[in-house]
Amino acid sequence: MSAPVKTAAKSAAKNTAKDTAPGETAAPTSRPAPSAPPASLPARVLTFVSSMIGGLWAMVISAIDRISAFIGDWLFNGKKALYGLAVTRILFGVTAIGLLASNFATRLYTFGSGSAWNGEMAEPVSDFPKIWLFSAFHAAMGNDVLYTALYLLLGVLAVLFVLGWRFRIVLPVFFCLWVGFIEANDMVGDQGDNMFRIALLLLLFADPAARWSLDAKRRAKSGEWFPPTSQPALLGTMFHNLALVALTAQVCFVYASGALYKAGGEPWKEGYAVYNPLQTARFGTWPVLSDLVTAWGPMVVVASWGSIILQVAFPLMLLTRPTRLLGLLGILSFHIGIAVLMGLPWFSLTMIAIDSIFIRDRTWSRLSAGTVRRWNAAKNPTASAAPPGTVA
């Protein structure tokens, strides 16, 4: 019974071989793959959580890469706010010249031997005169001739500061003498002196003489000391931009902390804080103008609360161009009001000088070009009046 079965199997194999073309192999008989059992709920949850963590980590790494690339490009790709820092340099020099000139007649009584009655000649209140770098004016307080000579030297340095002549040499000497001069008598200083000193320290690492200075003209003729892509040049660019960041942070901190400090005071919360100083003999320098400003109660409240809002919002207003314009106009008006109404011109000019860094370079450049164009037109009015296409 087994022989027929074998014969039938052999005949079926022969028929299959006949149906297969030469050079082809017969396809194996396919069997359905066994289906994988569904993953358990804990395994699915773990897979989902690990996938989410991996995606989030990839997003964080990508954001860090973009931020680091932006920071590196911003720090090393050119010096920022060159025109703004040039304005800061010029206004700082003008502030120093104005303060020295306005106090020249009373220099010995205010700062020199005539101020010995307050005891600071024997034991200064500030620690700066005890440091030898800043001790020149304190050491000369008892000698009127020597003190006057140092006073005039500081005035000459202030003029060179404005002109930007050999600024890398002038700035450290001016810084040491200025701090010693201001800190020799602690009774006549104000908060503008603190900002002046801090900004001068940061300017040591920046390049405020790169524009609108005698040094800039000399560089244009002889070139820079180092090629733009060299390591010293890149380091100088980095220090310049970091000093700009530090100065910006300092200004924002002063405005925001000042506003928060005011908000905690009762006169500011009640809205009459502006009235009080304007009615004193020390700060009410223009009594008629002070009475005019404080005559209407709602205006006093607006000025009091508005100054707090402006100062605390100023750092945030710098983030976009429209709000930055409003913030700069507001803070400029704020300091002009302090200078005129309270008789603090040098404090206000110091803060305005520092706020100049928030105006973009292209704005300063357009303003400079327009000023030069109008000045040249004023010198040669016939040329400016000539019709287009004619040669004057």
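Colleague: Let's start with α16: how many of its 11 residues are buried?

Modeller: This is a predicted model, so keep that in mind throughout. In it, α16 is mostly covered. The buried set runs F347, S348, L349, T350, M351, I352, A353, I354 and D355. Out of 11 residues in α16, the buried count is nine.

Colleague: And which elements cover the buried residues of α16?

Modeller: The residues under that cover include F347, L349 and D355. What lies over the buried part of α16 includes α3 (82-102), α8, α10 and α15.

Colleague: Zooming out, how many helices and strands does the chain have?

Modeller: The chain has 392 residues, and buried ones make up 33% of them. Among contacts with a separation of 6 or more, 74% join residues 24 or more positions apart. As for the elements themselves, the count is 18 helices and zero strands.

Colleague: Now α2 and α10: are they roughly parallel or roughly perpendicular?

Modeller: The axes of α2 (residues 41-76) and α10 (residues 231-263) come within 7 Å, and they cross at roughly 105°. An angle of 65 to 115 degrees counts as roughly perpendicular. So α2 relative to α10 is roughly perpendicular.

Colleague: Which residues of α2 meet α10?

Modeller: On the α10 side, the partners are L234, T237, M238, N241, L242, L244 and V245. The residues of this contact divide into eight nonpolar, two polar and no charged. On the α2 side, the residues are W74, L75 and F76.

Colleague: On to the pockets. Which element gives the largest share of the lining of the largest pocket?

Modeller: The largest pocket has a volume of about 1200 Å³, and 35 residues line it. Elements giving two or more residues to that lining are α8 (191-203), α10, α12 (275-278), α14 (297-317), α15 (321-341) and α16 (345-355). The largest share is seven residues, and it comes from α10.

Colleague: How many charged residues are in the lining of the largest pocket?

Modeller: The residues closest to the centre of the largest pocket are K262, W268, F334, I338 and M342. By class, the lining has 21 nonpolar and 12 polar residues, and the charged ones number two.

Colleague: M342 is one of those closest to the centre. Does M342 count as buried or partly exposed?

Modeller: M342 sits in the loop between α15 and α16. Leaving out residues up to four places away in sequence, M342 touches P277, L278, R282, F283, T285 and G337. Buried means under 20% relative accessible area. At 21%, M342 therefore counts as partly exposed.

Colleague: What about the second largest pocket: which residues lie nearest its centre?

Modeller: About 900 Å³ of space lies in the second largest pocket. Its lining has 31 residues, with two or more coming from each of α7 (167-183), α9 (214-222) and α10. Nearest the centre are K79, R168, D207, R219 and E224.

Colleague: And how many charged residues does the lining of the second largest pocket have?

Modeller: The largest share of that lining, six residues, comes from α10. By class, there are 16 nonpolar and six polar residues in the lining of the second largest pocket, and the charged residues number nine.

Note on methods: Residues numbered from 1 in each chain as written. Predicted model: local features only at pLDDT ≥ 70, side-chain atom pairs only at ≥ 80, totals over all residues. Heavy atoms only, no water. Axes fitted to C-alpha atoms, helices over the stretch in contact; angles between N-to-C directions. Helix = DSSP H or I, 4+ residues; strand = E, 2+ residues; numbered from the N terminus. Parallel < 35°, antiparallel > 145°, perpendicular 65-115°, else oblique. Contact = heavy atoms within 4.5 Å. Nonpolar A, V, L, I, M, F, W, Y, C, P; charged D, E, K, R; others polar. 1 Å grid on protein atoms, 1.4 Å probe; cavity = no way out; pocket = protein on both sides within 12 Å on 5 of 7 lines; lining within 4 Å. Points joined across faces, edges and corners; volume = space filled by probe spheres on them. Buried < 20%, exposed > 50% of the residue type's maximum accessible area, 1.4 Å probe, protein only.
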